[in-house]
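This report describes one protein model for a reader who has not seen it before.

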Amino acid sequence: MADRSRVVVLAGAAGSGRSTFVAVALHALRHRLGEELGLTLLPRDDRTATEARLRYERPFYEDEHPPPVAPGAGVALVHRLSRSTGRRRPAVSLVLLDTSGPRFADPEPDESELRKLDVADAVLLLLDPRDLTGAVSPAAGRAPTGDSLRVAERVLDRLRTGRGRSAAGGRARVPVAVAVPKLDLVTPWLPPHSPLHRERRPGTGFDADDRSAVHTELRALLALWQGEEIDGWLRERCADHQLFAFSALGAAPRGATVPPGGPRPHRAEDPLLWLLHRFGLLDGAGPGR
C-alpha cells in the first residue's frame with residue numbers, strides 16, 4: 001500500500017524564520033526527537049536528500065553560517081516518516097513546501113504562491129514578533145513592517161475559499177499551526193510563570209495539557225500585543241488551529257552566524273508534534289488534541 005501523503009505548507013513574511021525552522025525540524029526528526037519517539041525520517045528521492053543536506057543541515061549545523069537568502073523557498077522536500085514504537089501506524093510521505101515571503105506580502109500577491117495553499121494538508125504560519133506591536137523592544141533590530149499580518153490575512157482567506165475546503169460556517173478545514181518564532185526576543189517580557197519558559201517533558205510525545213496551557217497563554221499575549229485582530233481572524237476563518245511560540249536557534253544570531261555550538265531550539269518541536277498528532281502518528285487526548 002502506498003504511503004499517505006501529508007503536505008505541510010510553510011508561510012510567513014520575509015525574515016520570519018521559515019528556513020531556520022525547516023533546518024531545526026528536519027534535524028530533530030533525524031536525531032533527538034526521532035530517537036525519543038521512535039520516528040524514522042528518510043528522504044524519498046535524491047533531490048530531497050541533496051537539498052536537506054546542502055541547504056539546511058550543513059549551513060546551520062556545520063558551517064554555523066546560514067545562507068543570506070532563504071534557502072529552498074518553493075522547493076518541496078519529500079520524506080518518508082514512520083514510527084517503530086507504540087501502536088503500529090502506517091507511514092506517511094511528509095512534504096514540506098516553503099513559500100515566498102516577499103511574494104505573499106506584495107500588494108498583488110503571486111497567484112502561483114497562493115495555489116500552494118490549495119494542496120496543503122496543514123499549514124504552518126509564522127508571525128514575526130517584530131511585526132506585533134508591543135511584543136518586543138524597539139531595539140530588536142527593525143521597525144514593524146506589517147508584512148506578517150498581511151501574509152496571515154491572505155493565507156487564511158485563501159484557505160477558507162480555495163479548493164472548496166470550507167467547513168460549516170465557511171471556515172477552513174485544514175489544520176493551521178500559527179507560531180510566533182524568535183521567542184528569544186520576547187522572553188524578557190513574558191510573565192515569570194509563563195508556560196513558554198518551560199521545556200517540553202521528554203518522552204511525552206504530544207502533551208495535550210501542555211498544549212492547552214501554551215495556546216491559552218498565547219491567546220492572551222496576542223490580544224495584548226495586537227488587540228483582538230488575529231484571534232478574530234482565526235476564529236472566523238479556521239475550524240482547526242493552535243497557537244505556538246518557539247526559538248529555533250535558542251538565542252539571537254550574531255550578525256549572519258548561528259550562535260556558537262549550533263542551534264539550541266526551545267519548543268521548536270511543538271508545531272511539529274501537533275501536526276504529527278493531527279496526521280495520526282502520535283497519540284494525544286484532552287483539549288489540545
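## Salt bridges

Helix H3 holds both Arg-55 and Glu-51, which stand 4 residues apart, about one turn of the helix. Their side chains meet in a salt bridge with an N to O distance of 2.5 Å. The model is a predicted one. Arg-55 has a relative accessibility of 35% and counts as partly exposed, whereas Glu-51, at 14%, counts as buried.

This pair belongs to a set of 23 salt bridges in the structure. Another of them joins the side chains of Arg-30 and Glu-57, at 2.5 Å from N to O. Arg-30 lies in helix H1 (residues 18–30) and Glu-57 in helix H3 (residues 46–63), so this pair ties together parts that are 27 residues apart in sequence. Arg-30 is partly exposed, with 30% relative accessibility, while Glu-57 is buried, with a relative accessible area of 13%. Because the limit for a buried residue is under 20% relative accessible area, and partly exposed begins above that range, the two partners fall into separate classes.

A further salt bridge links the side chains of Arg-200 and Glu-269, at 3.0 Å from N to O. Arg-200 is in the loop between strand S6 (176–180) and H7, and Glu-269 is in the loop between strand S7 (241–245) and H9, so the pair ties together parts that are 69 residues apart in sequence. Both Arg-200 and Glu-269 are buried. Elsewhere, salt bridges with shared partners join Glu-153, Asp-157, Arg-160, Glu-236 and Arg-237 into one network.

| Pair | N to O distance |
|---|---|
| Arg-55 and Glu-51 | 2.5 Å |
| Arg-30 and Glu-57 | 2.5 Å |
| Arg-200 and Glu-269 | 3.0 Å |

## The chain as a whole

The protein chain contains 9 helices and 7 strands. Of its 289 residues, 53% are buried. Among contacts in the chain with a separation of 6 or more, 73% are between residues 24 or more positions apart. The chain has an accessible surface of about 12700 Å², and carbon and sulfur atoms account for 52% of that surface.

## Cavities

Rolling a probe the size of a water molecule over the atoms shows where empty space is left. In the whole structure, a search finds 4 cavities of 30 Å³ or more.

The largest cavity holds about 90 Å³ of space. Its lining consists of Arg-200, Gly-205, Phe-206, Asp-207, Asp-210, Arg-211, Phe-244, Arg-267, Asp-270, Leu-273 and Trp-274. Helix H7 (208–226) and helix H9 (270–278) are the elements that give two or more residues to this lining. H9 gives the most, with 3 residues. Sorted by class, the lining has 6 charged, 4 nonpolar and 1 polar residues. Arg-200, a partner in the salt bridge with Glu-269, is one of the residues that line this cavity.

The second largest cavity holds about 50 Å³ of space. Val-8, Leu-10, Phe-21, Leu-96, Leu-124, Pro-271, Leu-272 and Leu-275 line it. What classes of residue make up the lining of the second largest cavity? The lining has 8 nonpolar residues, with no polar and no charged ones.

Is Val-24 buried or exposed? Val-24 is buried, with a relative accessible area of 4%. Leaving out residues up to four places away in sequence, Val-24 touches Tyr-61, Ala-248, Pro-263, Pro-265 and Ala-268. Val-24 and Phe-60 are 36 residues apart in sequence, and their C-alpha atoms are 8.3 Å apart in space.

Definitions and conventions
Residues numbered from 1 in each chain as written. Predicted model: local features only at pLDDT ≥ 70, side-chain atom pairs only at ≥ 80, totals over all residues. Heavy atoms only, no water. 1 Å grid on protein atoms, 1.4 Å probe; cavity = no way out; pocket = protein on both sides within 12 Å on 5 of 7 lines; lining within 4 Å. Points joined across faces, edges and corners; volume = space filled by probe spheres on them. Nonpolar A, V, L, I, M, F, W, Y, C, P; charged D, E, K, R; others polar. Buried < 20%, exposed > 50% of the residue type's maximum accessible area, 1.4 Å probe, protein only. Contact = heavy atoms within 4.5 Å. Areas by Shrake-Rupley, 256 points an atom, 1.4 Å probe, with all protein chains shown as cover. Salt bridge = Lys/Arg side-chain N within 4 Å of Asp/Glu carboxyl O.
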